[in-house]
Amino acid sequence: SIVFDACTFEIWCSLLNGFELYIITKEELLDTSLLQKYLTKNKITTLWITAPLFNQLSEDNPAMFKDVKKLLTGGDVLSPRHINKVRSANPNLTIINGYGPTENTTFSCCFTIDKTYEDTIPIGRPISNSTAYIVSPAGKLQPIGVPGELWVGGDGVGKGYLNNPTLTSEKFIPNPFGQGIVYKTGDLVKWRSDGTIDFIGRMDGQVKIRGFRVELGEINLQISRFKGIKDSVTVVNTIHDEKVICNYFVADSKIDISALKAYLKSRLP
């Protein structure tokens, strides 16, 4: 979709480097057999797929990327199980973990996955003309192995949030360690001894579901305002490799779930 931030990479990295760009239909993209035929017919060599879609495709047909040379995936935490399955089925394929927030023009770090990982796959190092700092709550640079917030800088940093100067001044700040502006991602990370970065999680209640940023606190607030609910907590569970938002609540009396859902539909996206 041209409203998805990764289109900046997909369109311009193809055309500005002299490659051909192929636009695919949604039907072809979501059907593994049609997608494999499309990749082979058009001799696609480089492909970008979001992590949730990559997981789905790898479950259906992990060998479908046999003719692709480089596959970039990201937009969410990568699943080692799915990555390992595709690497095993496509020995000539190079898979790259592409990390970065929209605020830094889509990509900040990249990591070429060259071996089997059982738990965490690194997000790598800053790409060209970009910087990455791991910072303590006191604003000091963190040493190897110590978690901190990731601040990203360089040529890709955006100008801020449209019509939201307060949030812009909070998240986009002058670089205390160099030139220009850095964006405070809110992501908790740490340096590995090899100079790459491990993603640990969010520092707030924000999660990513199918590419959308979701604030669990906002959901929880609305549920707690429903008549009869005393306390509640909203979390993300993984069911069959799919992230699902779940809420658990304590109430004074039996709650009509259909009424609660109708109430939430009027207050939440």
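These questions and answers walk through a predicted model of one protein chain.

Reader: Happy to start with the ground rules: which pLDDT cut-offs apply to this predicted model?
Author: Residues are numbered from 1 along each chain as its sequence is written, and side-chain values use heavy atoms, with hydrogens and water left out. Totals for chains, interfaces and linings use all residues of this predicted model, while local features need pLDDT of at least 70 and side-chain atom pairs count only at pLDDT 80 or more.

Reader: How many helices and strands does the protein chain have?
Author: Helices are DSSP runs of H or I with at least four residues, strands are runs of E with at least two, and both are numbered from the N terminus. The C-alpha atoms of the chain fill a box of roughly 60 × 50 × 40 Å along the principal axes. Within it, the secondary structure comes to eight helices and 14 strands.

Reader: What share of the residues in the protein chain is buried?
Author: Buried means under 20% relative accessible area, exposed means over 50%, and partly exposed lies in between, with a 1.4 Å probe and protein chains only. Areas come from the Shrake-Rupley method with a 1.4 Å probe, and for residues only the protein chains shown count as cover. The chain exposes about 15,700 Å², with 55% of it supplied by carbon and sulfur atoms. Of the 269 residues, the buried share is 39%.

Reader: How far apart are the centres of the positive and negative side chains?
Author: Lys and Arg count as positive and Asp and Glu as negative, leaving out His and the chain ends. Each charge is placed at NZ of Lys, CZ of Arg, CG of Asp or CD of Glu. With 30 positive and 28 negative side chains, the two centres are separated by 1 Å.

Reader: Which elements do the buried residues of α4 pack against?
Author: Helix α4 covers residues 51–60, and its buried residues are Ala 51, Leu 53, Phe 54, Asn 55, Leu 57 and Ser 58. As a reminder, an α-helix has 3.6 residues a turn, so residues three or four places apart point the same way. A contact here means heavy atoms within 4.5 Å. The packing partners of α4 are α2 (26–30), α3, β1 (46–50), β2 (70–74) and α5 (80–89).

Reader: And which elements do the buried residues of α5 pack against?
Author: In α5, the buried set is Pro 80, His 82, Ile 83, Asn 84 and Val 86. Those residues pack against α4, β2, β3 and β4.

Reader: What does the side chain of Ser 33 make a polar contact with?
Author: Ser 33 belongs to helix α3, residues 32–41, and is partly exposed at 38%. A polar contact is a pair of N or O atoms within 3.5 Å; within protein, one must be able to donate a hydrogen and the other to accept it, and residues adjacent in sequence count only if both atoms are side-chain atoms. At 2.6 Å, the partner is the side chain of Asp 31.

Reader: Is Asn 163, with its positive phi, buried or exposed?
Author: Asn 163 lies in the loop between β7 (148–154) and α6 (165–171), and its phi is near 60°. Thr 106, in the loop between β3 (94–99) and β4 (109–113), also has a positive phi, about 85°. Thr 106 is buried at 7%. With a relative accessible area of 73%, Asn 163 is exposed.
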